[in-house]
Amino acid sequence: MGGTLEYFSGLLGSGHKHRKKQQLQTVELKVRMDCEGCELKVKKALSSMKGVQSVNINRKQQKVTVVGYVEPNKVLKKAQSTGKKAEIWPYVPYNSVTHPYTAGTYDKKAPPGYVRSVEAGTVSSIQASKQDDQMINMFSDDNPNSCSIM
């Protein structure tokens, strides 16, 4: 009888909260670093975090890549605690953006081949696709007012 009671309490939960296992993540930050000292300070601070497996720094791009069982916002706060200006990596490869040269997307400070990841870029691409749909609709057989060129 005791075995079945334990079985049911196991099904209902015994009051122990199981923490979700954190996923291995790659967190990319843009951190302003001017010299080797800045670089070492940031690397030391981020390497000391629990769960961090590796810290990679590209000073030329001002890019810090942290791999580990970490939360991106905690990594960002740790980087900011060094006194350096830090933000989540704001750039995406320019070939992954529909309109890389629209206002707000192009950033002269971005590393070569990258543009700023901005929601405005996606808004303008949605507007462009609506214009494309209107153009296609002008010549559609389904549209009774369409232009027929034959």
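Two strands count as paired when DSSP finds at least two bridges between them. Keep that rule in mind for this predicted model.

Start with the sheet. Four strands make up an open sheet, ordered β2-β3-β1-β4, and their pairing is antiparallel. The edges belong to β2 (52–58) and β4 (86–88). Each of these two has a single partner strand, so one side of each lacks a neighbour in the sheet. From one strand to the next, the twist averages 25°.

Now look at how β1 is joined to β3. Six bridges link β1 to β3, and the two run antiparallel. Within this pairing, Val27 stands opposite Val66 in β3.

Turn to β4. Strand β1 spans residues 25–31, and three bridges join it to β4. These two strands also run antiparallel. Two facing positions can be picked out here. Lys30 stands opposite Glu87 in β4. Val31 stands opposite Ala86 in β4.

Next come the helices. Helix α2 covers residues 36–47 and packs on the sheet. Helix α2 touches β1, β2 and β3 (63–68). The direction of α2 makes about 165° with that of β2. Helix α3, residues 72–80, lies across β1, β3 and β4. Helix α3 runs at about 35° to β1.

Now the cysteines. How many disulfides does the structure hold? The count is zero. A disulfide needs the two sulfur atoms within 2.5 Å. Cys38 is likewise in no disulfide, and its nearest cysteine sulfur is that of Cys35. Are these residues buried or exposed? Cys35 is partly exposed, with a relative accessible area of 36%. Cys38 has 10% relative accessibility and counts as buried. The cut-off for buried is under 20%.

Finish with the aromatic rings. The count of aromatic pairs is zero. Trp89 does have a charge over its ring. The charged end of Lys63 sits there, 4.7 Å from the ring centre.

Conventions. Residues are numbered from 1 along each chain as its sequence is written. This is a predicted model: local features need pLDDT of at least 70, side-chain atom pairs count only at pLDDT 80 or more; totals for chains, interfaces and linings use all residues. Side-chain values use heavy atoms; hydrogens and water are left out. Buried means under 20% relative accessible area, exposed over 50%, partly exposed in between (1.4 Å probe, protein chains only). Rings of Phe, Tyr and Trp (its six-membered ring) pair if their centres lie within 6.5 Å; planes under 30 degrees apart count as stacked, over 60 as edge-to-face and the rest as tilted. A charge sits over a ring if NZ of Lys or CZ of Arg is within 6 Å of the ring centre and within 35 degrees of the ring normal. Axes are lines fitted to C-alpha atoms, for helices over the stretch in contact, and angles run from 0 to 180 degrees between N-to-C directions. Contact means heavy atoms within 4.5 Å.
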